[in-house]
2 protein chains.
Amino acid sequence: MTSDVEATDRKILELLAADGRMSFTDLGKATGLSTSAVHQRVKRLEARGTITGYGASIDHDQLGLPLTAFISIRPIDPSQPDDSPERLRDVAEIESCWSVAGDESYILKVRVAAPIDLEDLLARIRAAANVSTRTTIVLSTPYENRPV
Amino acid sequence: MTSDVEATDRKILELLAADGRMSFTDLGKATGLSTSAVHQRVKRLEARGTITGYGASIDHDQLGLPLTAFISIRPIDPSQPDDSPERLRDVAEIESCWSVAGDESYILKVRVAAPIDLEDLLARIRAAANVSTRTTIVLSTPYENRPV
DNA sequence: ATTGAAACTCATGCTCC
DNA sequence: GGAGCATGAGTTTCAAT
């Protein structure tokens, strides 16, 4: 089996992933269910944690944060417990934090206004988490966060 | 200036980024505007492309896709034009594609069910885009897609 | 740009199946 | 589980400012 999420629920998830503001009425039309039936299913998916939240996608260029980068970090002192995610949680520029297998321990995705701000951000990250960093600048984003 | 998006619009964007299904009525209460005023502002932000869309966040573990990885790709033949994003667009497992500066040309973020599916996916990516790959497995995701 | 009202659509709980 | 209905809540348009 692929998992125990049923076909109609998958269809609902697919539709909501593509348009998080779709109404229960439209979801019902698309799935052949009544409004109240879809409503009940969506609430159940939310309660089970299958749907973890709803968001709007923002054009960061228009918001003055056109520079995106990946920062891979590695502890300076490998004997210390690595609680980098907690130490970096309040750094607003960090959009995502993944723990990874490989040479580095975490990959961060950050957004800043300009290279000078990236320099400042790197210094703050190194100081806050006691890590070395390796930065990869994003040139463009062909696509991002597509529903899978 | 930080950009020409005005303070009230920023507040609306912040609220919608955190809860994409928030009603216009609640957005009005949170911003001190009437329902129709926020409605007009949101429609304008959508028309200008400041809001690029709405989505639901899904728990991929529950959907049978618990394995996330980053795949960095590099063209085998650097003399050819690199149209990897187009060649890889129809590969459903690819959630995001970023063009980057550095040793590799693109970073892909993918989701699969199990290591065997990653092996299969890597073969398909190499064949479709004529690239070499470097894969980094995600162990856990402390946070992801936070509003900045 | 904003408001307030009007008309319409949707959400949500309930009962019955 | 789901349908159908009732009603309260939310959306959307519009005239006025």
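**View 1. Residues in contact between chain A and chain B.** The contact takes 62 residues from chain B and 62 residues from chain A. The model shown is predicted. Together, chain B and chain A bury about 5,400 Å², and carbon and sulfur atoms account for 52% of that area. On the chain B side, B:R21, B:Y143 and B:V148 supply 15% of the area buried against chain A, more than any other three residues.

View 2. Between the two chains, 48 residue pairs are in polar contact, counting pairs with both residues at pLDDT 80 or more. How many salt bridges does the rule find across this interface? The number is zero.

**View 3. Elements of chain B on the side that touches chain A.** Two or more residues each come from α1 (7-18), β1 (51-58), α4 (84-88), β3 (94-100), β4 (106-112) and β5 (131-143) of chain B. Strand β5(B) gives the most to this side, with nine residues. By class, the residues of the side of chain B that touches chain A divide into 31 nonpolar, 18 polar and 13 charged.

**View 4. Strand pairing between the chains.** Strand β1 (residues 51-58) of chain A pairs with β1(B) in the antiparallel sense, over seven bridges. Within β1(B), B:S57 is the bridge partner of A:G53.

**View 5. Protein surface near DNA strand C.** DNA strand C is surrounded by 14 residues, of which B:S34, B:S36, B:Q40, B:R41 and B:R44 are the closest. Helix α3(B) gives the most, with five residues. By class, this surface has three nonpolar, eight polar and three charged residues.

**View 6. Atoms of DNA strand C facing the protein.** Which parts of DNA strand C lie within 4 Å of the protein? Of the atoms within that distance, 72% belong to sugar or phosphate, and the rest belong to bases. A polar side-chain atom of B:R44 lies 2.2 Å from a phosphate oxygen of DNA strand C. From chain A, a polar backbone atom of A:F24 is 3.0 Å from a phosphate oxygen of DNA strand C.

Technical notes: Residues are numbered from 1 along each chain as its sequence is written. Chains are lettered from A and ligands numbered from 1 in the order in which they are written. This is a predicted model: local features need pLDDT of at least 70, side-chain atom pairs count only at pLDDT 80 or more; totals for chains, interfaces and linings use all residues. Side-chain values use heavy atoms; hydrogens and water are left out. Contact means heavy atoms within 4.5 Å. Buried area is the accessible area (1.4 Å probe) that two parts lose on being put together, summed over both. A salt bridge is a side-chain nitrogen of Lys or Arg within 4 Å of a carboxyl oxygen of Asp or Glu. A polar contact is a pair of N or O atoms within 3.5 Å; within protein, one must be able to donate a hydrogen and the other to accept it, and residues adjacent in sequence count only if both atoms are side-chain atoms. Helices (H or I, at least four residues) and strands (E, at least two) are DSSP runs, numbered from the N terminus. Ala, Val, Leu, Ile, Met, Phe, Trp, Tyr, Cys and Pro count as nonpolar, Asp, Glu, Lys and Arg as charged, and the others, Gly among them, as polar. Two strands pair if DSSP finds at least two bridges between them. A residue is near a molecule or strand if one of its heavy atoms lies within 4 Å of it.
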